[in-house]
Amino acid sequence: MTTASLDQPNGVQNHAGELPITNNTATSSSTTVKSSSKKLTLIPLIFLIYFEVAGGPYGEEPAVKAAGPLFAILGFLIFPFIWSVPEALITAELSTAYPGNGGFVIWADRAFGSFWGSLMGTWKFLSGVINIAAFPAMCIDYLEKIFPVFGSGLPRKMAILVSTLLLSFLNYTGLNIVGYASVALGLISLSPFILMSLIAIPKIHPHRWISLGQKGVKKDWNLFFNTLFWNLNFWDNVSTMAGEVDKPQKTFPLGLLYAVIFTCLGYIIPLIAVTGAISVDQNEWETGFMATAAEMISGKWLKIWLEIGAIAGKWLKYWVEVGAVLSVIGLYEAQLSSCAYQILGMANIGVVPKSFGTRSKWFNTPWVGILLSTLIALAVSYMNFADIIASVNFLYSLGMLLEFASFLWLRRKMPKIKRPYKVPLPMAGLLIMCLVPSGFLLYVMFVARKTVYLVSALLTVVGIAWYFLMKLCRSKKWIKFEKRKEEEEDKVEEEEENHG
């Protein structure tokens with residue numbers, strides 16, 4: 001969606017190619033709503049981005065198992081500069097140039113047309129919504145350690161159902177509420193790692209940081225790079241909510257900058273502390289090992305006060321586990337918001353029916369997008385979806401390649417459009433910036449299994465079929481769609497550039 005494709009009372013271009021900003025009180029995808037909801041400010045935005053990407057150092061442990069402490073530390077120091085920073089820079093530039101809901105769908109649509117915008121929406125939506133399906137199950141896995149009844153059978157299924165519905169209802173109450181909840185969840189979930197890192201300082205032996213791993217343990221580079229990739233990914237997800245951000249041209253670049261710093265420190269500090277303080281069998285560095293490491297480092301009881309004022313946990317290990325649950329909740333809320341507002345944005349530019357963009361009369365949230373994402377996530381959460389997860393990761397990689405191409409093409413196609421934030425590189429520099437992470441994406445796709453190729457191809461075919469079905473429905477006027485205005489806008493932009 002370009003924001004000029006919204007029916008707004010002041011929806012006119014006041015600069016060559018500059019597009020008006022989406023507002024909360026009137027969208028073309030819903031009836032007019034008098035909303036008192038506030039837009040996202042800087043601090044909630046930082047934590048929403050943080051939970052889109054990370055949610056804490058949970059899950060970084062396999063990097064040590066795969067390649068040893070030195071490569072793990074170097075990976076989390078270097079990889080952000082070749083992957084996270086380019087993705088964040090692209091998101092900052094395009095989200096401020098096109099500050100409306102829909103994000104990467106808008107960019108592909110504006111660069112290459114409605115077909116590629118729709119396909120981008122399919123790839124990113126499927127990868128996002130199936131990804132969030134895992135989070136309620138992860139919450140139950142942690143609770144199972146306290147309440148074994150959730151281990152299997154009907155209690156587990158009911159627990160997943162209830163937790164999914166409750167978390168989705170929180171999302172329904174408003175993005176601003178989700179934003180401030182993310183601040184609280186982020187601070188609480190990170191606090192045990194801050195404490196653990198401080199306790200670890202006198203126990204650190206620096207020579208452990210340069211270990212290449214145990215003798216006889218073979219390097220697993222596939223696991224290593226995948227761990228880095230998925231722990232430092234999804235910076236662009238927040239772009240789908242650009243229309244809900246206060247002063248996005250200023251707030252977005254700052255939010256992404258602080259979130260990159262915050263996320264990278266959140267990974268590297270606990271990793272340096274734990275690898276330097278303890279020496280264990282390399283194969284013990286499975287996902288969740290940080291909780292065991294916390295117990296090994298602390299070795300004594302700690303009284304932890306949570307937001308509700310109650311004492312929680314006996315050991316630092318339990319505090320880390322509580323933090324893991326809160327982190328998973330934050331991840332679910334942030335990524336569900338991204339999926340729901342992506343659907344809203346796609347409705348606003350006419351990629352999906354107008355009804356898909358309907359907002360709640362009470363909270364002004366995209367309830368249809370939230371409902372659709374929740375139902376798909378629930379369905380997938382009860383499936384054995386290992387191959388599906390691998391396949392949607394493949395689809396996400398396809399989407400990122402399209403995103404890089406859209407970024408470069410928009411720079412070339414619309415060089416004079418107003419960009420409140422602009423990546424300070426010439427075209428050659430931008431090409432190099434995009435080629436490096438693109439090479440990594442191609443590597444990840446190349447090593448995928450045949451099953452992944454098959455499932456990804458089938459899901460892509462479904463996306464293509466969806467596009468032509470929507471095109472037929474539009475031509476036959478079976479379903480109401482928003483009017484597409486980008487052709488008229490491009491003509492205006494071309495005329496203004498010619499006169500300029």
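1. Helices α10 and α11 are oblique to each other, because their packing angle is about 55 degrees and oblique covers what is left once angles under 35 degrees (roughly parallel), over 145 (roughly antiparallel) and 65 to 115 (roughly perpendicular) are set aside. The axes of α10 (residues 248–277) and α11 (residues 289–298) lie 11 Å apart; axes are lines fitted to C-alpha atoms over the stretch in contact, with angles from 0 to 180 degrees between N-to-C directions. Helices are DSSP runs (H or I, at least four residues) numbered from the N terminus.

2. The model is predicted: local features need pLDDT of at least 70 and side-chain atom pairs pLDDT 80 or more, while totals for chains, interfaces and linings use all residues. Residues are numbered from 1 along each chain, and side-chain values use heavy atoms, without hydrogens or water.

3. The contact (heavy atoms within 4.5 Å) joins P270, L271, V274 and A277 of α10 to F289, M290, A293 and I297 of α11. These residues divide into eight nonpolar, no polar and no charged; Ala, Val, Leu, Ile, Met, Phe, Trp, Tyr, Cys and Pro count as nonpolar, Asp, Glu, Lys and Arg as charged, and the others as polar.

4. There are three cavities of 30 Å³ or more, a cavity being a set of points on a 1 Å grid where a 1.4 Å probe fits but cannot get out. The largest cavity holds about 60 Å³, a volume being the space filled by probe spheres set on the points.

5. α12 gives four residues to the lining of the largest cavity, the largest share. Lining residues have an atom within 4 Å of a point; among them are F104, K124, F234 and Y396. The lining comprises four nonpolar, six polar and one charged residue.

Note on methods
On a 1 Å grid over the protein atoms alone, a cavity is a set of points where a 1.4 Å probe fits but cannot get out, and a pocket is an open set with protein on both sides within 12 Å along at least five of seven lines; lining residues have an atom within 4 Å of a point. Helices (H or I, at least four residues) and strands (E, at least two) are DSSP runs, numbered from the N terminus.
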